[in-house]
Amino acid sequence: MTATLPAPVTARPAPASKRDRTRPALVVLLVGTAVLYLWNLSDTGWGNGYYAAATQAGAQSWTAWLFGGLDAGGVITVDKPPAALWVSGLAARLFGFSSWTVLAPQAVEGVLAVWLLHATVKRTNGPVAGLLAGAALAVTPVAVLVFRFNLPDALLVLLMVAGAYCTVRALEKASGWWLALAGVAVGFAFLAKMGQAFLVLPAFTAAYLLAAPTSLPKRFLHLLGAGAAVAVSAGWFVLLVELWPTDARPYIGGSTNDSLWELAVGYNGLGRIFGGGGGGMAGGMGGGNVGFGGATGVDRLFGASMGGEISWLLPAAVVGLVAGLWFTRRAPRTDRTRAALVLWGLWVLVNGVVFSFMSGITHPYYTVAVAPGVAAIGAIAGRELWRGRAHPPVRAALALMVAACGFWSFALLDRYPDWVPALRWVVAALTVLVSTAIVMGVRRLAALAVVASVLATASFGVATAATPHSGSIPVSGPAEYAGGGMGGGVDAGGGDDAELAELLRATTGTWAAATVGAQGAASLSLASGKAVIGIGGWSGGDPAPTLEEFRRYVEEGRIGYFVPGGRGGGGDIATWVADNYEATTAGGSTVYRLS
């Protein structure tokens, strides 16, 4: 691993026979991951009803599918770009709209992400490191949560890992084409969750500049080409939205001027970093609010909000990264291990710093973007330090990795005292035993070292998989500490009022109803199977539809009912309806019949 040690250990591609011997283990890993992500998936119901309703709309209307419309009638989009909804919308068209077709695409994306991370790490540090990285990602609690739930973060992570794979391929022979493919992956990741996709670009750029086996001018030229690939693969859809006639597509939810570019820069861009944003939505909710990330600061990833999601292996990754960079400091410029550590280290650093200090809207599950980097660093550093364990400094670093991981896992488990209380003591005992044995030079400890490192996070990940989730802010962990998530009652789309749902099913217009806000509209849409206008979008503050548009829809007989309530109250539209139509009831709900 280092040119400074008496017996250097440097990463080399594994011989063919060894690669063949690891294939059964890879199959076990991928099958196990699929079981973890798919088992009892339908217990989650619709998951996030907001995105489930958009999937339903995409299955009913190609225009809604293309733009990520919340309703099939085409009034307003969700407040994210539509790439993740393209996948689930196609699944719903092919196999029918159901809880399974809403949730399963993310599970498949998770399995693919695990496979691609394995393949990426394998190319730099061999098949064992690749298997360890894939397994670590698979059981990270926030990854289990996101890959079993309908959030755009699942596709985002898959595409970012695909970008890392292409970058590593580009590093092998200084391939501008592979680097351009990395740019394409990042560009399409932008269409999943906008600017967050770009947080991996510093990592890809630095790794290629450092280690690509070609001249510096060619490295810069290849990076310019990759930058163009990012711009084209992200920009084509932004341009399409800008050129499409506004009266023939939905309003871009979350924007202030019906612009996808403004949404990317404002509400989903600088607004997330510094607070504030469009769509009538104010900035973040920090402080002690666990659902919004808690207080900003260097310890945010370890705090009550984000710690249980992502930090289980993070201390070990930090130790491994520092040790790996130190031991490879005199290696050749193109050394693959150092290049991999630079790539994954900057991946974690940039994402971690942004999540730690962003003061706009943020949620704990965003940290899933950090998980591939943490898993890769832990696997690479652990594998290479194990190979160099004949040397005392290397053994000390490896023991420190295990100790940091084990004792921090103990501290995290102590936050959940009623859940398997004995587990934290088992982890502590294993940590002391294994780290001490490593320092003493005891051999044949590899399997036990892995168990000591991942037992806690894997157990918490399995508990996450066993817990149904719903709402807009799901949290990982066992049912007594996680469960529904914020907004669960609305976002679950359960349609508590069966009489109202039946009333809406009997309508024949473009929209069965209109209500204030996207969450209420999603609930009614999922319960009735009909399109429902969410006046004002997610926040209730988007200028869609306008009062003039709403009145025209009513005059044309295209809206069946108005259901009052929701965030913002409905403003002029609610006042106009109350002034011109008579209220009645359906089950436990007040409604106005409009046609």
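Predicted model: local features only at pLDDT ≥ 70, side-chain atom pairs only at ≥ 80, totals over all residues.

User: What makes helix 8 and helix 15 roughly antiparallel to each other?

Analyst: The axes of helix 8 (residues 153-173) and helix 15 (residues 336-357) come within 12 Å and cross at roughly 155 degrees. Angles over 145 degrees count as roughly antiparallel, and helix 8 and helix 15 are therefore described in that way.

User: Which residues of helix 8 and helix 15 meet, and how do they divide into nonpolar, polar and charged?

Analyst: On the side of helix 8, the residues in contact include Val-161, Ala-164, Thr-167 and Glu-172, while those of helix 15 include Arg-336, Leu-343, Trp-344 and Trp-347. The residues of this contact between helix 8 and helix 15 divide into nine nonpolar, one polar and two charged.

User: Why is the aromatic pair of Trp-62 and Trp-65 called edge-to-face?

Analyst: The structure holds 26 aromatic pairs. In the pair formed by Trp-62 and Trp-65, the distance is 5.3 Å centre to centre, with 85 degrees between the planes.

User: Why are Trp-62 and Trp-65 separated by about one helical turn?

Analyst: Trp-62 and Trp-65 are separated by about one helical turn because they are three residues apart in helix 3 (residues 62-67).

Conventions. Residues numbered from 1 in each chain as written. Heavy atoms only, no water. Axes fitted to C-alpha atoms, helices over the stretch in contact; angles between N-to-C directions. Helix = DSSP H or I, 4+ residues; strand = E, 2+ residues; numbered from the N terminus. Parallel < 35°, antiparallel > 145°, perpendicular 65-115°, else oblique. Contact = heavy atoms within 4.5 Å. Nonpolar A, V, L, I, M, F, W, Y, C, P; charged D, E, K, R; others polar. Phe/Tyr/Trp six-rings, centres within 6.5 Å; stacked < 30°, edge-to-face > 60°.
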